[in-house]
Amino acid sequence: MAYLTTRRFWADTAERATKTAAQSALSALTVGATGILDVDFAAVGSVGALAALISVLTSIASKDAGDAGTASLVRLT
């Protein structure tokens, strides 16, 4: 579990979680809303937060799949 203490792992994880949250929130913004007053911002935030949590858990679960010490599933070497 030493990979959980590396700066690179958490930087990779934070980047992925942020991108995933933004993408999910953006998709939730466009579903069923025809104007800014129609948007349920609590639901959008909830969708983004759940997506970010799943992204973090996926990064932790993929510890042995990619390059050592990263959150990636891809081996670059």
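Tutor: Start with valine 44, which touches Ala25, Ala28, Leu29 and Val39, leaving out residues up to four places away in sequence. Contact means heavy atoms within 4.5 Å.

Student: Before we go on, what am I looking at?

Tutor: This is a predicted model: local features need pLDDT of at least 70, side-chain atom pairs count only at pLDDT 80 or more, and totals for chains, interfaces and linings use all residues. Residues are numbered from 1 along each chain as its sequence is written, and side-chain values use heavy atoms, with hydrogens and water left out.

Student: OK. Is valine 44 buried or exposed?

Tutor: Valine 44 is buried, at 9% relative accessible area. Buried means under 20%, exposed over 50%, and partly exposed in between, using a 1.4 Å probe and protein chains only.

Student: How far is valine 44 from leucine 29?

Tutor: They are 15 residues apart in sequence. In space, C-alpha to C-alpha, the distance is 6.3 Å.

Student: Zoom out. How many helices and strands are there?

Tutor: The protein has two helices and zero strands. Both kinds are DSSP runs, numbered from the N terminus: helices are H or I with at least four residues, strands E with at least two.

Student: And where does valine 44 sit?

Tutor: In helix α2. That helix covers residues 41-61.

Student: Which residues of α2 are buried?

Tutor: Val44, Gly48, Ala51, Ala52, Ser55 and Ser59. Down the axis of α2, the buried residues fall within an arc of 100°, so they line one face. The arc is taken from the directions from the helix axis to the C-beta atoms.

Student: Why would residues spaced like that point the same way?

Tutor: An α-helix has 3.6 residues a turn, so residues three or four places apart point the same way.

Student: What's on the other side of α2?

Tutor: Ala42, Leu50 and Ala61 are exposed there. Glycine 45, also in α2, is partly exposed at 41%.

Student: What do the buried residues of α2 pack against?

Tutor: Against α1, residues 7-30. Residues of α1 that meet α2 include Phe9, Trp10, Arg16 and Leu29.

Student: At what angle do the helices pack?

Tutor: About 150°, with axes 7 Å apart. That makes α1 roughly antiparallel to α2. Angles over 145 degrees count as roughly antiparallel, under 35 as roughly parallel, 65 to 115 as roughly perpendicular, and the rest as oblique. Axes are lines fitted to C-alpha atoms, for helices over the stretch in contact, and angles run from 0 to 180 degrees between N-to-C directions.

Student: Give me a residue from α1.

Tutor: Serine 24 is in α1. Serine 24 is buried, at 17%. Beyond its neighbours within four places in sequence, serine 24 is in contact with Val47, Gly48 and Ala51.

Student: And which residues does serine 55 touch?

Tutor: Arg16, Ala17 and Thr20, not counting residues up to four places away in sequence. Serine 55 lies in α2, and counts as buried at 9% relative accessibility.

Student: Last one: how much of the whole protein is buried?

Tutor: Of its 77 residues, 29% count as buried.

Technical notes: Expected span 1.5 Å × (residues − 1).
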